[in-house]
Amino acid sequence: MKITALLCTLLLSLTASAESIEPNLKWGKPTQEELTMTEYAADKDADAIELFRHVNVYYEFINGDFRVNNVVKCRLKVLKAEGKRVADVNIVTRGSETNSLLHEYVRGLKAVAYNLEDGKVVKTKMESSMIHEEQLDKTDKLLKFSVPQVRVGTVIEYEYRLESDFFYELRDWYAQKDIPVLYTKYSLSIPEWFSFHIEETGMNHLEKKEDSGSLTIGDEILVTQEQIFIGRNLPALKDDDYVWRAEDYGNKVTHELQGIYIPGAVHKSYTSKWEDIDETLAKDDEFGGRIKRSSQLKDEVIAAGIPQIADTRERVEATWKLLHKRVRWNGDYAFWAKSGSKILKEGTGTNADINFLFINMLHDAGIEANPIALRLRDRGRLPMSHASLKYLSTFVVGITLNDSTMVYFDSSAEDGYLNVLPARLSVDRARLIRKGKPGIWVNLQQAAQATERTFIQATLDTDGTINGTISNALVGEAAASLRKKWRTTKDSTELIHQIQERNNIEITDYQLQGRQDFSTNLRETIKFTMQCSSTGDIIYLNPLLIAPFNKCPFTAETRNLPVELPYKQRETTNVVLTLPDGWQIEETLKPIVLKFDGITASIISRQNNNQLSVVYKLDIQRTFFTPQQYQDLKAFMEKLVESCKNIITIKKVA
């Protein structure tokens, strides 16, 4: 009886540990509760949890200059095998291209794994051999370390101090991670001589405290502004197929230097507007200075007769084809570019390298072109409240066709065309930089559109066999997507097999016209057979023959993040099915019309003698939906998928 009572007590203890756990703020001493917990009640699917994180940011004055320190302490719990990934940590440290004295260093790095073995806590420290550093580029380094002896049930602790000479730039702080966070704290201490614009955003509540402190500089004592942000029980911020950067919507604190005000010495304002960034870039020799230059290929442009081509769009195409023969994209995006001669010599370069060459060649061809600066879509949106060069990660080319029309192009769009950009570049907020003129905001998403027009002509035999032809005309993003699929496939036979499996057909002939063309159009022709279900004098079939949707793309019951679609879409499918003589539809489908904020869909069918005609249309002209709209969006798509799977009955009547 006593043993039974003891087991019950232990079971209740473990259950309580799984359902509720209090934050442990003592460093270096994991609690029994932390060591024995097996799941996190608020997210039972979580493979790990961040139990505690404290980031303490403060200034010090050393050797006549300021330094900012980031002291990080973190404790994590591995709950499932996949959660062992949290034992591998990366820290990026920066250098400066223009000042070799500016660096960032990681000091005092320690990491420990705690495991329960036979009821005892076994502590394993990380050895220096598990710390590695690699050079990312000419300024930045990556420090990587792995905590040893990590398995399901392990508690991990690590700490380090990041010392930065970049005292005028504070790192953004992210409260949420891709795993749940039990407790996180951000302490920030800023001397009175520095003025920062500090912005806190996110959907969850953070506790905030403000106080004052002090910093001694020689004989002078500066007042410091102390701010503390605390988050508790924050949900995991998981990436999703339909959100570009989850961190944009999580809780975070960002900082932008507005000014340095040293009594009797320096009074300098750093507050920037995007108009200031325009001017800075336009005056920069390595950016604005390159906008109006001629290219190293000017003689080739002239020799090819490109400036004499009357149609501007054709002139742009000819210029790009000439450049594309000489250089290819290396797969990287950048903002600053190497010299044109070096790029031509190497035959490859970043999109920035090739884009500047293209701009200069377009000028040689008599076409106005300028860079449009942006932040890659998966790195976040450009802020409106404060401006900084650090937010810009690349640029595309804005090409003026006439007084009222500008088109966009990027050299990374290997399968694209004018106004057909990779989805990472299709942002709603980009900045057109023009030398001698003010910059303006540009919405690149307005031009992005995937259009697909499908015509299916088929004949139904009395045994339920259908023979037919699918003719697809793809335009814009739809054409680029199919080109990329064929360009990157390793096995064309496997790709054909995937089309057959997805549509439940047998392909007897496949043709793709314009696959290698620099064009907005692509045409696909598929000859096929398929077998419908039949029983004697009755045949059952889907009137669309090939359903546009097999399943709803949104499966989660709830969603905390918005839905971001890559681009606007228009799809039209016309089906003409010839029935056997003496057969007819038992009951014609009623017209289906669905509407939701920015999306419309319809399926209309009719029978004329022995021909069944069906028209399917989907028009998506909105790409952003809030979390509050998710349930309605999900319901709309579920209804559309259901409508695309309707089955009709065809009977023999004579």
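The structure holds one cavity of 30 Å³ or more, where a cavity is a set of points on a 1 Å grid over the protein atoms alone at which a 1.4 Å probe fits but cannot get out. This is a predicted model, in which local features need pLDDT of at least 70 and side-chain atom pairs count only at pLDDT 80 or more, while totals for chains, interfaces and linings use all residues. Residues are numbered from 1 along each chain as its sequence is written, and side-chain values use heavy atoms, with hydrogens and water left out.

The volume of the largest cavity is about 40 Å³, a volume being the space filled by probe spheres set on the grid points, which are joined across faces, edges and corners. Strand E2 (65–78) and strand E8 (155–164) are the elements that give two or more residues to its lining; helices (H or I, at least four residues) and strands (E, at least two) are DSSP runs numbered from the N terminus. Lining residues, which have an atom within 4 Å of a point, include Val68, Asn70, Glu104 and Arg171. The lining divides into four nonpolar, two polar and three charged residues, with Asp, Glu, Lys and Arg counted as charged, Ala, Val, Leu, Ile, Met, Phe, Trp, Tyr, Cys and Pro as nonpolar, and the others, Gly among them, as polar.

For the chain as a whole, the computed values are as follows.

| Property | Value |
|---|---|
| Secondary structure | 11 helices and 36 strands |
| Box of the C-alpha atoms, along the principal axes | roughly 105 × 95 × 45 Å |
| Buried share of the 654 residues | 48% |

Buried here means under 20% relative accessible area, with a 1.4 Å probe and protein chains only. In helix H3 (residues 274–283) the buried residues are Trp274, Ile277, Asp278, Leu281 and Ala282. Seen down the axis of H3, these fall within an arc of 130°, so they line one face of the helix; the arc is that of the directions from the helix axis to the C-beta atoms. Their cover includes helix H4 (288–291), strand E21 (430–434) and strand E22 (437–442).

Strands E19 (residues 394–402) and E20 (residues 405–409) run antiparallel and are joined by five bridges, two strands being paired if DSSP finds at least two bridges between them. A hairpin of two residues connects E19 to E20, and glycine 398 has tyrosine 408 in E20 as its bridge partner.

Glycine 259 lies in strand E14 (residues 252–262) and counts as buried because its relative accessibility is 0%. Between glycine 259 and tyrosine 168 the C-alpha to C-alpha distance is 9.1 Å, although they are 91 residues apart in sequence.

Technical notes:
On a 1 Å grid over the protein atoms alone, a cavity is a set of points where a 1.4 Å probe fits but cannot get out, and a pocket is an open set with protein on both sides within 12 Å along at least five of seven lines; lining residues have an atom within 4 Å of a point. Buried means under 20% relative accessible area, exposed over 50%, partly exposed in between (1.4 Å probe, protein chains only). Contact means heavy atoms within 4.5 Å.
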